Structures are given as C-alpha cells and as structure tokens.
Amino acid sequence: MKTAHYILCIFLFGVAIPLRAQDISLFQQFNGRFDYVAIGNTLNLMENGNFVPCVIQTSSSADLNLSSTQNVAAAYLYWAGSGSGDFDIMLNGIEVNAERTFSDSLDSVRVFFAAFADVTDIITSQGNGTYTISDFDLTNVITPYCPSGTNFGGWAITIIYEDDGLPLNQLNVYDGLQSVPTFLSITLDNLNVLDNEDAKIGFIAWEGDSALAVNEQLTINGNVISNLPLNPANNAFNGTNSFTGSNNLYNMDIDVYNIQDNINIGDTSATITLTSGQDFVMINNIITVLNSQLPDATIDINDYIVNCGDNSVELFYTVNNFNSTSNLAANTPIAFYLDDLLIGQSQTMDVINIGDSESNTITLTVPENSSPNLTIVAVVDDDGTMTGTVTEINEDNNSNTADIELLVIPDIIILPNLIGCNEGFEVSTYNLFEALESLDYEEDQVSFYLSLDDLEMAANAILIPTMYNNTNNPEIVYVRFESPPCYEIYQFQLTVENCPPFIPNGFSPNDDTYNDWFNIQGLYDIFTEHDLHIYNRYGDLIFQGNNNKPWLGKINRGLNNHGNTVPVGTYYYVLNLNDPDYRPMVGWVYVNY
C-alpha cells in the first residue's frame with residue numbers, strides 16, 4: 001500500500017507562497033581511484049508541450065554494464081516529478097522509500113518534488129543488468145501541469161565505482177534542488193584541483209526541453225561549456241544522456257562535460273551558472289571528478305589517564321589518513337589546546353599510507369588555575385599557531401575534542417585520635433580500623449598510609465593495620481577510602497600515653513620460678529622513677545623499692561630480719577609513680593608459699 005506524502009505551500013494573509021528550493025551542497029566525497037556512471041529513464045512518452053497527450057508511465061527501465069574491474073562503492077537513486085511527491089517506489093521489485101526529499105515550485109499551483117535513496121545494497125547484490133523503476137505513479141497528478149508543459153517524471157542512479165586502473169581522483173557528490181528561469185548560480189566548494197587533466201562535471205537535471213532554447217547557457221567559472229553533439233552551447237538541458245548517447249530522455253538530463261580547460265590547478269571551488277529565458281530546469285545532482293593526490297589527516301582521541309591531585313593528562317590519540325589519495329608525511333605537526341592556549345605539541349612518527357593510521361600518546365600539563373572540567377582540542381596538521389603545513393583534501397576535519405575531568409584531591413576529613421598505652425619507648429600497638437568506627441565501609445575499600453604522597457600514589461600502605469606499632473609519638477595516619485571515580489581522604493592521630501600499671505593481688509616467693517615476685521605489669525619500662533613501699537599489718541614499713549629494686553618478698557626495712565622472706569599474710573603497698581598524671585596507688589597483696 002502506497003503512503004501519501006504532501007509538500008505544503010505556506011499561506012500568508014490568504015496568498016499562497018511558492019515553496020523555496022534547497023541549495024546544492026556537498027553530500028559525499030570519495031578519494032581514491034574512483035569514477036562514476038549514471039543510468040536512468042523518463043516516465044514521459046514524449047517531450048511535454050502543447051498538443052501532446054497528457055499521459056505518463058508508471059515504470060521505465062535502464063541497463064547497467066560495468067566492467068569486471070569496476071567495483072561498486074556507492075549507488076544513489078534520485079527520482080523526481082510534478083506534484084507534491086511519490087516517495088515510495090519499487091526498484092526491480094524491491095520497495096524503496098525516500099531517505100531525503102527536495103521541493104521546488106514555479107508558483108503556488110505548479111509544485112515539484114525530488115527524492116533520494118541509497119540503493120548501494122541493491123546494485124551490489126544484483127550487478128549488471130536491467131533496472132526497472134515501477135509503482136512510480138503520477139497519473140492523477142499531471143493534469144494541471146500539462147497545459148504549461150511542466151508534466152514530467154523520471155529517475156536516475158549514480159553509481160560510484162572503484163577501479164585500480166584509474167588515476168587517483170577526488171569525486172564529489174553534490175545535491176539539492178535549484179532551478180531557472182532566469183538565472184541560477186551554484187558554488188561548488190571542497191574542491192582540490194592539483195591536475196585538471198580529464199576533469200569532468202556531471203548533472204542530473206529535470207524538466208529541460210529540447211525545443212526550448214531561449215538564452216539558455218551553462219557556464220563554469222565564467223566559461224560556456226558544451227558537449228557536442230548532445231549538448232550545444234545554447235541548449236544544455238535538452239533530454240539527453242551522455243553515457244548512452246540517447247537524446248530521447250524526455251524532460252530530464254543525465255549529462256557529463258569535460259572541464260579540463262575551464263578549471264585551474266589550485267582551485268578550491270567552482271562557480272556554475274545557468275541562464276534560461278524560457279525553459280524551466282531543475283538541477284538535482286552534480287558530480288565532479290578531479291585528479292587528486294593529497295592526504296587527508298584526521299585525529300581521534302581514544303582515551304586518557306588522569307591521577308588524583310595531578311594536573312597532567314596522559315592522552316592517547318590516533319592520526320588517520322583514510323579518505324585520501326596520497327600518503328601523509330612523517331613529522332606532520334600535531335597541536336593540543338585548552339581554551340585556545342597551546343598546552344602540548346607532537347608530530348607523526350612515520351609516513352602514514354593511504355587508508356592507514358598511527359597511534360601515539362602524549363602527556364599534557366594543564367595550567368594550575370584551570371577548571372577541573374576541561375575540553376582539550378587535538379589538531380593534526382597544526383604547527384602550534386593554528387596554521388597547517390600540509391595541503392590536504394579536506395582542511396576542515398583536522399581537529400577532535402575530549403571532555404576531561406581532573407581528579408582533584410578531596411578535602412581531608414579529620415577523625416578522632418587513637419590513644420595507645422605506652423609499651424615502652426613511647427610505642428604502642430593499635431588496631432587502626434578502630435579509628436573508622438563512625439564510617440560505613442568494607443575493609444577492602446580502606447588502606448592506611450603515613451604520608452599524603454604515598455596515599456595519592458597508593459604506595460607503601462601499612463601492611464597489618466590491625467596490629468600497627470607507631471614509630472613516632474604523636475603520629476599522623478592517613479586513610480584512603482576508595483569511592484569511584486575518586487577517593488576520600490581521612491586523617492587521625494596516634495598518641496601514646498603512660499597507662500596505669502596492672503597490680504596483681506598476690507604472689508608466692510618460693511623460688512619455683514612461677515609468680516615468684518611482686519610483678520607489677522606496665523611499671524618498670526614505663527614509670528621508671530616510681531617508689532614502692534610495703535607495710536605489714538601493723539603498719540610497719542618492711543620494704544622500700546624502685547625501678548631497680550622490685551619486691552621479691554624479702555624485708556629491707558626495719559630493725560630486724562633484713563633479708564628474710566616475709567611470712568604468709570596480707571601486706572599493704574603504696575606505689576608512687578612520680579608521674580604528674582597519676583596520684584599514688586594503694587592497696588593490698590597476699591603473700592603465700
């Protein structure tokens with residue numbers, strides 16, 4: 001079932017304003033050993049005009065005959081006609097739908113359409129043979145057009161092919177829909193004329209009449225062009241096909257002109273003008289074929305690496321020479337910019353052949369005051385002054401960008417200190433995870449460091465954080481908490497204090513080597529200036545000791561029994577630590593044998 005499509009006129013204050021045409025512009029470019037051929041046919045049974053039957057076909061055919069060395073690279077179907085448009089047609093029984101559409105008009109009533117579809121897959125799969133366009137039905141459309149001789153329908157396929165026997169060419173495909181009368185000027189950009197030998201230009205045009213040749217003239221760069229005998233200088237668009245030599249392609253043209261003498265080496269554009277005093281002609285497609293041997297340098301930014309707190313970026317990039325007709329020289333300059341500021345330069349290492357690439361890396365230093373959100377621009381064929389040194393096929397595709405975010409060191413979050421008991425020489429053992437009690441974490445997310453540098457580099461982490469002995473008092477520990485894409489930093493302090501000693505409540509000085517003395521743990525290595533006094537139950541001082549004289553259960557004070565072991569019983573002690581943070585400790589101890 002066919003779908004109806006409509007091209008609308010705009011009505012302003014009750015007046016219909018004709019549709020405007022679409023300017024001819026570059027659609028696609030091929031660089032290499034390329035050329036093209038075009039096939040097509042009209043739906044008109046004869047050239048339109050007065051006293052001609054107002055009828056039109058719904059199908060027509062044309063033959064394609066490529067040689068065995070000509071390999072199809074692309075095939076583009078254009079079709080056009082009177083009316084608002086038939087955008088769903090058949091090619092060899094395969095449904096084709098318009099991918100792009102064009103429109104033009106003479107006035108609010110006489111409107112015209114053109115359409116485009118990429119049919120490369122159909123042409124490559126079916127190869128040489130007869131191609132038939134069908135289900136292209138303008139039968140109910142043309143009646144209002146017949147009296148003015150503007151009833152038409154037709155189609156053409158441009159087939160771009162590659163052939164190793166061809167010279168290196170630049171083939172440009174331009175399209176749109178622009179028309180005369182009276183005067184039309186089209187500028188074709190993106191040309192690179194290195195050699196004008198056998199340069200040519202081709203047209204697909206609609207509605208030209210061989211019988212109308214009033215002031216009709218086609219020029220390129222101010223020079224009138226012709227292609228005798230098919231296309232005389234005063235009747236360029238006259239229902240002919242340059243590829244077949246046919247002159248009965250009623251109301252459409254598939255024409256090719258040699259422009260070797262009308263274009264100059266070094267030209268980057270060409271101006272085409274068409275004048276017509278009567279004949280209404282619409283140009284839909286233009287193809288230029290020029291000898292070209294130029295590279296085409298492009299650059300891709302593939303990846304990058306940034307490190308937390310570091311204002312350098314390691315950039316991975318690839319220079320390509322894909323759509324080219326010549327090798328790209330070694331040492332082609334490459335520049336890297338941040339906000340138009342040059343921040344790095346490089347160059348290609350080797351010659352890059354046609355269709356090849358070269359990958360490399362560069363480390364760029366970003367200015368200190370830059371925003372962490374960067375857009376770095378890489379430009380190949382740039383000497384650092386935004387100036388190229390290599391003539392290329394396309395001078396406008398040398399740059400690429402990458403949005404990059406620097407990893408800024410986060411603010412340090414302070415955690416409560418850990419206090420450890422002095423185990424001697426101001427050293428204590430800590431479970432560092434105890435400092436993280438207020439956080440929700442998994443242990444594999446956390447690592448501990450003694451310096452910020454080590455933390456930032458994730459180097460020299462504390463190996464056993466559950467049993468860590470400090471090396472300084474006090475000592476700062478830094479925590480790296482992995483939280484993609486960056487990390488969080490915490491900090492806490494280790495402090496060593498003299499903790500109260502542990503005093504046993506008994507001992508047995510019987511020389512069995514077990515619990516033979518009053519062993520007060522955490523005393524002798526920590527409180528080295530302490531005094532210990534021992535009293536019997538009568539309050540008599542029987543022993544006085546210090547850090548060098550622990551109590552072994554013997555008497556060293558009083559009038560008698562010096563050196564004797566005390567009898568079984570309870571004794572009282574006064575332990576003066578001589579530490580400003582502690583008062584004297586008093587209590588009892590039981591001696592037994």
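Which residues gather in a patch of negative charge on the surface? I started there, keeping in mind that this is a predicted model. I found Asp 440, Glu 442, Glu 443 and Asp 444 in that patch.

**Entry 1: a look at Asp 440**

I looked up the place of Asp 440 and found it in the loop between strand 30 (429-430) and strand 31 (446-449). Asp 440 has 74% relative accessibility, so I noted it as exposed, the cut-off being over 50%.

**Entry 2: the salt bridges**

Side chains of opposite charge can pair when their charged atoms come close.

My opening pair was Arg 100 and Asp 175, which form a salt bridge with their closest N and O atoms 2.5 Å apart. Arg 100 lies in strand 9 (residues 100-105) and Asp 175 in strand 13 (residues 169-180), so this pair ties together parts that are 75 residues apart in sequence. I then checked how much cover each partner has. Arg 100 is partly exposed, at a relative accessible area of 26%, whereas Asp 175 is buried at 3% relative accessibility.

I moved on to Arg 110, which forms a salt bridge with Asp 107; here the closest N and O atoms are 2.9 Å apart. Arg 110 is partly exposed at 23% relative accessibility, and Asp 107 is partly exposed at 24%.

Then I looked at Glu 482, which forms a salt bridge with Arg 480, the closest N and O atoms lying 2.5 Å apart. Glu 482 is partly exposed, with a relative accessible area of 31%. For Arg 480 I noted a relative accessible area of 11%, so it counts as buried, the limit being under 20%.

**Entry 3: a charge without a partner**

Which side chain of opposite charge is nearest to Asp 579? I found Arg 583, at 12 Å.

What is Asp 579 in contact with, leaving aside its neighbours within four places in sequence? I noted Asn 498 and Phe 527.

Terms used: Residues are numbered from 1 along each chain as its sequence is written. This is a predicted model: local features need pLDDT of at least 70, side-chain atom pairs count only at pLDDT 80 or more; totals for chains, interfaces and linings use all residues. Side-chain values use heavy atoms; hydrogens and water are left out. Patches are made of residues with over 30% relative accessible area and no salt bridge: like charges are joined within 9 Å, nonpolar side chains (Val, Leu, Ile, Met, Phe, Trp, Tyr) within 5 Å. Accessible areas come from the Shrake-Rupley method with a 1.4 Å probe; for residues, only the protein chains shown count as cover. A salt bridge is a side-chain nitrogen of Lys or Arg within 4 Å of a carboxyl oxygen of Asp or Glu. Lys and Arg count as positive and Asp and Glu as negative; His and the chain ends are not counted. The place of a charge is taken as NZ of Lys, CZ of Arg, CG of Asp or CD of Glu. Helices (H or I, at least four residues) and strands (E, at least two) are DSSP runs, numbered from the N terminus. Buried means under 20% relative accessible area, exposed over 50%, partly exposed in between (1.4 Å probe, protein chains only). Contact means heavy atoms within 4.5 Å.
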